[in-house]
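Me: I have a structure open here and would like to talk it through piece by piece. Could you help me read it?

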Amino acid sequence: MTSEAELTVTVNGARWSGTVPARLTLCDFLRSMLRLTGTHAGCEQGVCGACTVLLNGAAVRSCLMLAVQAEGADVTTVEGMGRPGQLTRLQDAFLRHRAFQCGFCTSGFLAAAEEILRSGERYTRDELRALLLGHVCRCTGYEPIVEAVYQCQG
Amino acid sequence: MKPPPFEYYRPGSLDEAVQLMARYGPDAKILAGGQSLLPMLAMRQARPKHLVDLQRVGELAGIRSADGRLRIGAMVRQREIERDSSVPPLVRCAVRHIGNFEVRNRGTVGGSLSYLDPAAEWPAVALAMEAVIVTASQRGRREIAARDFGLGPHTTALAADEVLVEVLLPAGNAGFGFAEVTRRGVGDFAVAGAVCHGAAVAVFGVGQRPQRLPGVEALVSAGQPADGLAEAAASEIDTTSEYRRRVAAALVVRVLTEAAGRR
């Protein structure tokens with residue numbers, strides 16, 4: 001059978017090994033097999049950015065990857081970023097700047113912003129707005145999100 | 001919004017990939033970075049029986065110079081290309097217009113060329129640079145000139161059993177220009193775009209596939225200044241959309257002016 005495949009992947013520091021359906025997306029693998037439901041399935045066609053996670057430190061859309069393509073990779077989801085009482089600097093900035101309301105887009109924005117901040121570059125607000133163009137937020141109007149990321153730089 | 005079932009293969013070498021394509025080619029799809037194929041699978045616009053994932057094919061990785069040309073492996077991600085200083089500045093500039101950085105983290109040059117979206121950057125850049133596309137099959141290797149590669153929307157000269165191996169680009173720094181117009185900022189699909197590399201001019205997003213503009217190229221070579229060429233470009237562009245024709249013609253003037261400033 002080749003409609004299933006072996007997968008070994010590290011998620012939030014924990015190694016997982018097993019068999020997965022080949023057609024399972026990384027997003028559905030994280031949500032339904034690992035029960036890491038902080039990664040949100042939005043459009044499931046690569047447009048909304050809600051399912052963005054870090055793959056070996058690079059932000060990727062988990063709905064545009066098969067789980068089997070993450071073979072050997074290191075995946076970080078929002079569950080691996082911080083926890084109540086021990087928020088990351090970025091999460092704390094999202095809170096202080098009111099950068100979310102319903103929270104559906106937030107984990108995707110956090111993953112994208114993590115990669116942007118780790119680059120060490122200092123971007124203007126306009127540059128950040130352009131970099132975050134692949135993420136849809138229906139609540140905030142984006143300004144608080146851009147401000148939270150901007151304030152975390154340097 | 002879930003991919004349909006398929007049989008999945010993860011070849012570890014080009015030989016193995018080519019064997020799989022010889023066996024399953026007409027019913028198979030190649031999975032490169034997946035940034036176009038995964039949405040098509042999710043929307044059930046593609047229902048391949050077999051999916052051949054090239055991720056582990058080492059021969060398709062890496063950027064290197066060989067015989068005075070730059071060779072970019074088919075599985076090289078756009079992000080690696082835009083960051084590599086050995087890549088010609090035109091290519092690095094054009095690649096930054098592809099999708100958003102998350103899409104570029106996964107998307108590959110081979111995927112972009114073989115998907116041949118009429119509005120995509122890579123096919124137009126390959127055409128303007130007179131790139132050569134190298135393929136492999138059990139029948140052997142083949143070099144396809146970029147002008148013979150793109151046949152129409154999402155249609156290329158790749159045979160069903162062929163694997164795109166690499167793209168060969170000329171070395172050297174010709175004057176260049178690149179511009180596109182989108183509906184909503186950087187990262188959106190181009191309504192129209194233009195590329196200039198040395199004496200070559202191409203437009204994309206306007207017709208069935210990217211087009212060279214030999215008439216405009218001849219006027220440029222004859223010393224005509226760029227700002228008088230909008231009419232010539234407009235009359236030469238093959239499109240059914242008058243708006244795209246006007247936008248593309250204006251972009252031709254823009255990229256020629258840019259290129260003149262870089263010579």
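Me: Let's begin with B:Tyr115: which residues is it in contact with, leaving aside its neighbours within four places in sequence?
Reply: Keeping in mind that this is a predicted model, B:Tyr115 is in contact with B:Ser36, B:Ala120 and B:His154 once those neighbours are left aside.

Me: And which helix is B:Tyr115 in?
Reply: B:Tyr115 belongs to helix α6 of chain B, which covers residues 109-115.

Me: How far apart are B:Tyr115 and B:Thr155, in sequence and in space?
Reply: In sequence they are 40 residues apart, while in space their C-alpha atoms are 7.4 Å apart.

Me: Why is B:Tyr115 called partly exposed?
Reply: B:Tyr115 has 18 other C-beta atoms within 10 Å, and a residue counts as buried at 20 or more and as exposed at 12 or fewer, so a value in between is called partly exposed.

Me: Changing topic to the two chains, how many residues of each are in contact?
Reply: The contact involves 26 residues of chain B and 22 residues of chain A.

Me: Which element gives the most to the side of chain B that touches chain A?
Reply: That is α5(B), with 5 residues, and the elements that each supply at least two residues to this side are β1 (7-9), α2 (37-42) and α5 (101-106) of chain B.

Me: What kinds of residues are on that side of chain B?
Reply: The side of chain B that touches chain A divides into 14 nonpolar, 7 polar and 5 charged residues.

Me: Now chain A: how is it divided into domains?
Reply: Chain A has domain 1, running over 4-79, and domain 2, running over 89-152, and the centres of these two domains, taken over C-alpha atoms, are separated by 21 Å. Their contact takes 14 residues from domain 1 of chain A and 13 residues from domain 2 of chain A.

Me: What kinds of residues does domain 1 of chain A bring to the side that touches domain 2?
Reply: On that side of domain 1 of chain A there are 8 nonpolar and 6 polar residues, and no charged ones.

Me: Last one, about helix α5 of chain A: which of its residues are buried?
Reply: In this helix, which spans residues 143-152, the buried residues are A:Ile145, A:Val146, A:Ala148 and A:Val149. Looking down the axis of α5(A), these buried residues fall within an arc of 160°, so they line one face of the helix.

Me: And what covers them?
Reply: The cover over the buried residues of α5(A) includes α2 (89-96), α3 (106-118) and α4 (125-131) of chain A.

Definitions and conventions
Residues are numbered from 1 along each chain as its sequence is written. Chains are lettered from A and ligands numbered from 1 in the order in which they are written. This is a predicted model: local features need pLDDT of at least 70, side-chain atom pairs count only at pLDDT 80 or more; totals for chains, interfaces and linings use all residues. Domain bounds come from an automatic or database domain assignment. Two residues are in contact if their C-beta atoms, placed from the backbone, lie within 7 Å. Ala, Val, Leu, Ile, Met, Phe, Trp, Tyr, Cys and Pro count as nonpolar, Asp, Glu, Lys and Arg as charged, and the others, Gly among them, as polar. Helices (H or I, at least four residues) and strands (E, at least two) are DSSP runs, numbered from the N terminus. The arc is that of the directions from the helix axis to the C-beta atoms.
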